Amino acid sequence: MRLVKLRLAYATLAGLVLAGIVHIAAVLAIPRLAETDAVSRARTSENLDHPQVIYAPATGDAPAPQEAWLPIPDPAVAVGVCAYDLTDGPMRISARTGALALSLAAHGRQGAFYAVTDQAAVRGALDLVILTRAQYDQALADDDESEPSRDVRIVAPAMRGFVVIRVIAGLPSQREGANAAVRAVSCTTDTAGDDATRR
């Protein structure tokens, strides 16, 4: 009788351990297996020169969208996204700063890896350049010592990702300006010719 109870206890314990391992593996695999994760959704904006608007606060003429990527979007924050694929070259996100608070956050599949606000702007312009390690080393080698670059250069952990642009409208009257500020951000792929032109 005691042997039967002991076997039953071992079988129960083994079943619980196995169920726990399967549960943990399933939870950890969800981000890799999900078809509608943020990186996949953002890829539709890879060929755009300006951000894909994710959420635009309601203005007098235009109501807020019924669906947004964000489960509970902040009604005072305009949000856009620029996807990048570094196989074609570094990704440059250029924004003009103004009275409204603006932030840029770079994301990969593992989450955000860099963020910057309009406080880092130089002469009203904020240029964030996302590169691979090889592209970063090449950019450093090409730099002119007499005219240092004003770009904020970031080495990405992976070839693909996206940048989230947020502009805060502190007052309802600023919402239209926040929406316009997100749409005015430029998302382009840098080439050797572009770099030479900027110097």
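## Arg 123 and its loop

Let's start in the loop that runs between strand E5 (111–117) and strand E6 (125–131), which is where Arg 123 is found. Keep in mind that this is a predicted model. Arg 123 is not a glycine, yet its phi is positive, at about 55°.

Is Arg 123 buried or exposed? Its relative accessibility comes to 68%, and since exposed means over 50%, Arg 123 counts as exposed.

## The disulfide

How many disulfides does the model have? The count is one, and the partners are Cys 82 and Cys 187, with sulfur atoms 1.7 Å apart. The link between Cys 82 and Cys 187 is right-handed, with 40° about the S-S bond. Cys 82 sits in strand E2, while Cys 187 belongs to strand E9 (residues 186–189), so this pair ties together parts that lie 105 residues apart in sequence.

As for cover, the cut-off for buried is under 20% relative accessible area. Cys 82 has a relative accessible area of 1%, so Cys 82 is buried. Cys 187 comes out at 3%, so Cys 187 is buried too.

## Asp 85 and its partners

Stay with strand E2, where Cys 82 lies. Strand E2 covers residues 77–85, and Asp 85 is part of it. What is the relative accessible area of Asp 85? The value is 17%, so Asp 85 goes down as buried.

The side chain of Asp 85 also has polar contacts to talk about. One, of 3.0 Å, joins it to the side chain of Thr 87. Another, of 3.1 Å, links the side chains of Asp 85 and Arg 160. Put together, Asp 85 is a buried residue whose side chain is in polar contact with those of Thr 87 and Arg 160.

Now for the surface. Which residues make the nonpolar surface patch of about 340 Å²? They are Leu 3, Leu 6 and Tyr 10.

Take Leu 3 from that trio. Leu 3 has its place in helix H1, which spans residues 2–33. Its relative accessible area is 51%, so Leu 3 is classed as exposed.

Methods. Residues numbered from 1 in each chain as written. Predicted model: local features only at pLDDT ≥ 70, side-chain atom pairs only at ≥ 80, totals over all residues. Heavy atoms only, no water. Patch = residues over 30% accessible without salt bridge, like charges linked within 9 Å, V, L, I, M, F, W, Y side chains within 5 Å. Areas by Shrake-Rupley, 256 points an atom, 1.4 Å probe, with all protein chains shown as cover. Salt bridge = Lys/Arg side-chain N within 4 Å of Asp/Glu carboxyl O. Helix = DSSP H or I, 4+ residues; strand = E, 2+ residues; numbered from the N terminus. Buried < 20%, exposed > 50% of the residue type's maximum accessible area, 1.4 Å probe, protein only. Polar contact = N/O pair within 3.5 Å; in protein donor to acceptor, adjacent residues only side chain to side chain. Disulfide = S-S within 2.5 Å.
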